[in-house]
Amino acid sequence: MRAEYGPAGSSGPVANWHIVRNDDLVAMCGRELDAAAPLQDAAHWTADPDRNCHTCGALYLRESPYLPDEHG
Ligand SMILES: [Zn+2]
């Protein structure tokens, strides 16, 4: 996940979280993100759903429809 800042830029709050592959600068939805924007593990995707990019969410869930089985 990589942050997208709002109108205030990197001094302001994070506006949206997008899904990126590794530390790519282009999100799954096609949006280019700032190289200085913070990264977060995709495990945090459910932590703040109101700020998730809906397009990234749909694409991400389609690619990873279920979580690994922890019970092995
Ligand atoms: Zn996105």
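Student: What is the relative accessibility of Asp 48, and what does the residue count as on that scale?

Tutor: Asp 48 has a relative accessibility of 27% and counts as partly exposed; that class lies between buried, under 20% relative accessible area, and exposed, over 50%, with a 1.4 Å probe and protein chains only. The model is predicted, so local features need pLDDT of at least 70 and side-chain atom pairs count only at pLDDT 80 or more, while totals for chains, interfaces and linings use all residues. Residues are numbered from 1 along each chain as its sequence is written, and side-chain values use heavy atoms, with hydrogens and water left out.

Asp 48 forms a salt bridge with Arg 51, their closest N and O atoms being 2.6 Å apart; the term requires a side-chain nitrogen of Lys or Arg within 4 Å of a carboxyl oxygen of Asp or Glu. The structure holds three salt bridges.

Another of them joins the side chains of Arg 21 and Glu 63, at 3.1 Å from N to O. This pair links distant parts of the chain, 42 residues apart: Arg 21 is in the loop between E2 and H1, and Glu 63 is in helix H1. Helices (H or I, at least four residues) and strands (E, at least two) are DSSP runs, numbered from the N terminus. Arg 21 is partly exposed at 47% relative accessibility, and Glu 63 is partly exposed at 45%.

A further salt bridge brings together the side chains of Glu 4 and Arg 31, at 3.3 Å from N to O. Because Glu 4 belongs to strand E1 (residues 2-5) and Arg 31 to the loop between E2 and H1, the pair ties together parts 27 residues apart in sequence. Glu 4 is buried at 15%, whereas Arg 31 is partly exposed at 42%.

His 18 is buried, with a relative accessible area of 2%. Leaving aside neighbours within four places in sequence, His 18 is in contact (heavy atoms within 4.5 Å) with residues including Arg 31, Leu 33 and Trp 45.

The zinc ion has as protein donors His 18 (ND1), Cys 29 (SG), Cys 53 (SG) and Cys 56 (SG), at 2.0 to 2.3 Å. Donors are N, O and S atoms within 2.8 Å of the metal (3.2 Å for Na, K and Ca); water is not among the atoms, so sites may look incomplete. The angles among the four donor atoms are 103 to 119°, and the site is tetrahedral, which for four donors requires all angles between 85 and 135 degrees. The donor residues follow the spacing H-x10-C-x23-C-x2-C. His 18 lies in strand E2 (residues 14-18) and Cys 29 in the loop between E2 and helix H1 (54-63), so this pair ties together parts eleven residues apart in sequence. Cys 29 is partly exposed at 28%.

Of its 72 residues, 25% count as buried.

Methods:
Tetrahedral: all angles 85-135°; square planar, octahedral: opposite > 155°, others 65-115°.
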